[in-house]
Amino acid sequence: MTTSTTTGRKAALSALLLVMCAQATLMTLIPLIAHVSLPLDIVREGLAWGREWQWGYPKHPPLVSWIVESAHRIAGDHGVFLLGQITVAATYALVYLIGREFASPRTAAIGAILLVGNYYFVLPSPEFNHNLAQLPFWAGAIYCYLRASRTGGIGWWALLGAIAGLSVLVKYSAAVLLTVIAAHILATQPRTLRTKGPWLAAGLALLIFAPHGVWLVRNDFVTLSYVDGRAGDLADLGAQVMASAKFLLAQIANHLPILVLLLLSGLFWRRTVVGDDGASDAPIPRFSRRDLGFLLTFGLAPGLATAALPLLTGQGLRDMWGTPMWSLSGLLIVALLGQRVAQISLKRLAISATAVIAVMALGYGAEKTLPQGFGAKASRAGWPDQSIADALSAEWAARTDCPLTVIAGPGWLGPIVASRMPQRPSVLFDGNYDISPWLTPDRVARDGALVIWEAKKNGKSPKFASALPGFEMGGVLSFDWPYAPTAAPLKVGWGATPANCDAAPSD
């Protein structure tokens with residue numbers, strides 16, 4: 001390896017590590033400081049579900065919930081906020097490895113760092129959820145498929161199968177990527193199907209998915225019903241076209257900050273050749289037609305296929321569903337720029353990306369801590385969850401000697417209060433056993449339940465509370481908002497159903 005090549009690789013890795021460390025630090029610490037209460041998806045679909053260790057949940061497969069629960073047990077709030085940054089950092093690294101298959105370290109690093117200009121990679125990253133969690137699985141599957149198709153190595157096919165199976169346990173939309181991979185095999189190298197590799201990958205993926213598949217059958221495919229309801233039906237062709245167009249426009253808008261990074265890094269105005277940042281790889285290698293075809297396929301096809309779904313199924317889309325589909329955007333831009341990549345200063349790009357991350361992190365903190373409007377509305381990040389948990393734990397202890405193992409409440413208040421109690425009780429969402437399958441009427445009758453709700457007007461208990469056997473009204477408690485001291489206090493109603501903890505041990 002020549003001195004120039006070694007210097008270029010070190011410069012590329014240093015620039016990429018600067019960006020990764022900056023984002024991991026700023027987008028972990030500032031949200032950790034700003035949040036009094038944890039983000040909605042973390043408490044509801046992470047902690048409230050994850051503590052139950054099910055093979056599936058009412059809305060999603062299980063892997064994300066297991067990961068959040070594990071991280072919280074290991075490192076508390078620090079762990080769950082760090083999760084998103086580990087996810088993004090792993091994706092940057094994988095994109096760099098994909099880029100190295102096509103070009104020099106410098107070019108690959110530029111392709112990875114440009115992803116800072118993709119909205120999905122920075123601002124939403126503190127809220128680790130099913131959309132964000134897909135990022136490294138998609139990038140990892142693309143990298144393994146690329147290596148498997150180029151080398152034919154059985155190990156790469158096996159790793160692809162393992163990642164594919166896990167990616168479906170993260171979210172079913174992984175099926176879009178797996179379909180693109182299958183189509184790419186058929187279109188470019190169908191003879192590969194005569195070898196063991198693809199079939200080993202498919203077998204491993206199915207084996208990993210199988211326990212969740214059994215759970216799906218036993219639970220009447222409840223998660224698929226959620227997806228159908230979440231998307232919503234579109235009445236006519238016009239509405240379907242609008243839904244597709246809206247999704248695509250949102251994805252384009254999410255990439256616009258990349259233009260800022262390109263401008264700041266020297267493109268459009270800088271004439272200096274590469275090498276000023278110690279990372280010379282001149283002349284810039286051109287991407288082959290095959291390489292460009294690969295990047296176009298995996299950089300665009302998943303998003304375009306998703307955008308077409310309203311036209312094919314008559315159902316709507318959510319913009320955030322596009323989160324994992326654009327990890328190759330930076331590399332695709334670099335490939336299309338060709339020789340003009342020489343105008344980009346790697347140092348300037350890394351510093352600009354770090355500055356963008358800092359601005360976004362500070363903006364995130366301000367948005368979460370400042371009252372919205374004229375001091376009248378509190379941020380959801382500033383709920384007094386610990387105060388509520390302490391007060392209600394005391395009310396339960398004064399009522400019975402039985403341990404508190406069940407909280408019945410709405411989908412936001414119930415999980416955030418349960419997450420702050422040392423015993424981490426199970427959550428009966430809206431008193432509905434269909435969306436809380438880990439609980440049964442027999443268990444609630446035995447263990448009792450603390451019932452809570454937001455008492456906005458008259459303090460009366462909600463319908464789901466009165467439907468619980470033996471429910472008795474407790475009272476209404478008031479709590480000040482941490483970030484909105486001038487706002488009207490939060491009023492929380494509570495009640496309970498009787499507990500008979502001597503009847504049998506708790507589940």
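## Briefing: pockets, cavities and helix packing

In this predicted model, 21 residues line the second largest pocket, and L178, A182, P198, A201 and A202 lie nearest its centre. A pocket is an open set of points on a 1 Å grid over the protein atoms alone, with protein on both sides within 12 Å along at least five of seven lines; lining residues have an atom within 4 Å of a point. Residues are numbered from 1 along each chain as its sequence is written, and side-chain values use heavy atoms, without hydrogens and water. The model is predicted, and local features need pLDDT of at least 70, side-chain atom pairs count only at pLDDT 80 or more, and totals for chains, interfaces and linings use all residues.

**Second largest pocket**

- The second largest pocket holds about 500 Å³ of space, a volume being the space filled by probe spheres set on grid points joined across faces, edges and corners.
- Helix 6 (154–170), helix 7 (174–188) and helix 8 (196–218) each give its lining at least two residues. Helices are DSSP runs (H or I, at least four residues), numbered from the N terminus.
- Helix 8 supplies the largest share of this lining, seven residues.
- The lining has 19 nonpolar, two polar and no charged residues. Ala, Val, Leu, Ile, Met, Phe, Trp, Tyr, Cys and Pro count as nonpolar, Asp, Glu, Lys and Arg as charged, and the others, Gly among them, as polar.

**Cavities**

- There are three cavities of 30 Å³ or more. In a cavity, a 1.4 Å probe fits but cannot get out.
- The largest cavity has about 40 Å³ of space.
- Its lining includes V43, L47, R51, P415 and R424.
- Helix 2 (40–50) and helix 16 (413–419) each supply at least two of the lining residues.
- By class, the lining of the largest cavity is seven nonpolar, one polar and two charged.

**Helix 3 with helix 5**

- Helix 3 (residues 63–100) packs on helix 5 (residues 130–151) at an angle of about 40°, with axes 8 Å apart. Axes are lines fitted to C-alpha atoms over the stretch in contact, and angles run from 0 to 180 degrees between N-to-C directions.
- Helix 3 is therefore oblique to helix 5. Under 35 degrees is roughly parallel, over 145 roughly antiparallel, 65 to 115 roughly perpendicular, and the rest oblique.
- Contact (heavy atoms within 4.5 Å) involves residues including G84, T87 and L94 of helix 3 and F137, G140 and Y143 of helix 5.
- The contact residues divide into 16 nonpolar, five polar and no charged.

**Helix 12 with helix 13**

- Helix 12 (residues 289–313) and helix 13 (residues 329–337) pack at about 145°, with axes 9 Å apart.
- L292, L295, L296 and L300 of helix 12 meet L331, L332, A335 and L336 of helix 13.
- This contact has eight nonpolar, no polar and no charged residues.
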